[in-house]
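The following note concerns the structure shown below.

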Amino acid sequence: MDKTIISIQNLYVDYEKKKVIDNLNLEIAKGKILSIVGPNGSGKSTIIKAISRTVKISSGMICFENRDIKKIKGMIFAKNVAVLSQQYDCPKDISVKELVSYGRFAYSGWFSGETKEDSEIVNWAMKRTSVEEFENRKLGTLSGGEKQRVWIAMALAQKPQVLLLDEPTTYLDLCHQIELLELIKSLNITDGLTVVMVLHDINQAIQYSDKIVVIDQGKVVIEGLSENIINDKVLKSVFKINAAEINHSELERAIYYPKNVIN
Ligand code: ADP
Ligand code: MG
């Protein structure tokens, strides 16, 4: 049995009286990769925001290691849960190393200086994400793929147990998408990081996660092991597409080719 690290119980979130998350229940297993998939506007980002405490929940409860996250102090929470959100402002004029160092804030605060341990962890995070070669470059001068790795380095500098990622591969070309997913997988396998990510590409979700949860209109439609949760019925009913299942000897799992939209 997998150990639960985060549990979402009877969650409701409303924006201006509009119900966006509608009695959602979800168990997130420690040390595993969970992908959240679903159509635009189904509530995926809101789930990430609810877990990272950046949106007000209307009712229900989210627990981290059996404690209500509302009751966990900010600094303690940041040492456990790091988030890379979908939209962020990019401060162009700061260097890569400075940004990654912000990840240590939960440990050192703004005013105390950086300890030897802080600087070792910042260097480790930059090395782990292969950004150390441009540690002195300004953020504004980096490519999309490089920038995304720097944000991950900042999250890693928090030394979190859980990393939340909202569409981490958006804006990246195919090569950099795979490079990022391989990095995430490696952080999961080697460093035991629990990963919760929102992905649009169903096939990438199938290949890179242990479990997939399909969301529609703020509810869990179906969830389960990634190798057997997606099929043409789900793609029809949730994503409104006709898809062909593809089995290939070089692939561990079946993937799906979207053929056309159901009118
Ligand atoms: P997803 O990430 O699955 O595309 P979101 O969680 O961003 O979906 O949004 C779910 C729904 O909530 C959408 O209908 C969206 O328009 C609405 N919504 C999101 N944020 C806000 C907000 N700040 N104010 C009002 N409505 C919002
Ligand atoms: Mg979103």
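**Notes on the predicted model**

1. Lys219 and Asp22 form a salt bridge, with 2.7 Å between the closest N and O atoms. This pair links distant parts of the chain, since Lys219 belongs to strand β10 (residues 219-225) and Asp22 to strand β2, 197 residues apart. The model in which this pair occurs is a predicted one.

2. Lys219 has 40% relative accessibility and therefore counts as partly exposed. Asp22 has 16%, so Asp22 counts as buried, the cut-off for buried being under 20%.

3. Glu65 lies in the loop between β4 (59-64) and β5 (67-68), and Lys30 in the loop between β2 and β3 (33-37). Glu65 is partly exposed at 34% relative accessibility, and Lys30 is partly exposed at 33%.

4. Glu223 and Lys211 meet through their side chains in a salt bridge of 2.9 Å, N to O. The pair connects strand β10 with strand β9 (residues 211-216). The count of salt bridges comes to 11.

5. Around ligand 1, the shell has 3 nonpolar, 6 polar and 2 charged residues. Helix α1 (44-51) and strand β2 (18-29) each supply at least two of the shell residues, and α1 gives the most, with 3.

6. An oxygen atom of ligand 1 lies 2.5 Å from a side-chain N or O atom of Thr46. A polar side-chain atom of Ser45 is 2.9 Å from a ligand 1 oxygen atom. Taken alone, ligand 1 exposes 560 Å², of which the protein buries 64%.

Technical notes. Residues are numbered from 1 along each chain as its sequence is written. Chains are lettered from A and ligands numbered from 1 in the order in which they are written. This is a predicted model: local features need pLDDT of at least 70, side-chain atom pairs count only at pLDDT 80 or more; totals for chains, interfaces and linings use all residues. Side-chain values use heavy atoms; hydrogens and water are left out. A polar contact is a pair of N or O atoms within 3.5 Å; within protein, one must be able to donate a hydrogen and the other to accept it, and residues adjacent in sequence count only if both atoms are side-chain atoms. Accessible areas come from the Shrake-Rupley method with a 1.4 Å probe; for residues, only the protein chains shown count as cover. Helices (H or I, at least four residues) and strands (E, at least two) are DSSP runs, numbered from the N terminus. Ala, Val, Leu, Ile, Met, Phe, Trp, Tyr, Cys and Pro count as nonpolar, Asp, Glu, Lys and Arg as charged, and the others, Gly among them, as polar. A salt bridge is a side-chain nitrogen of Lys or Arg within 4 Å of a carboxyl oxygen of Asp or Glu. Buried means under 20% relative accessible area, exposed over 50%, partly exposed in between (1.4 Å probe, protein chains only).
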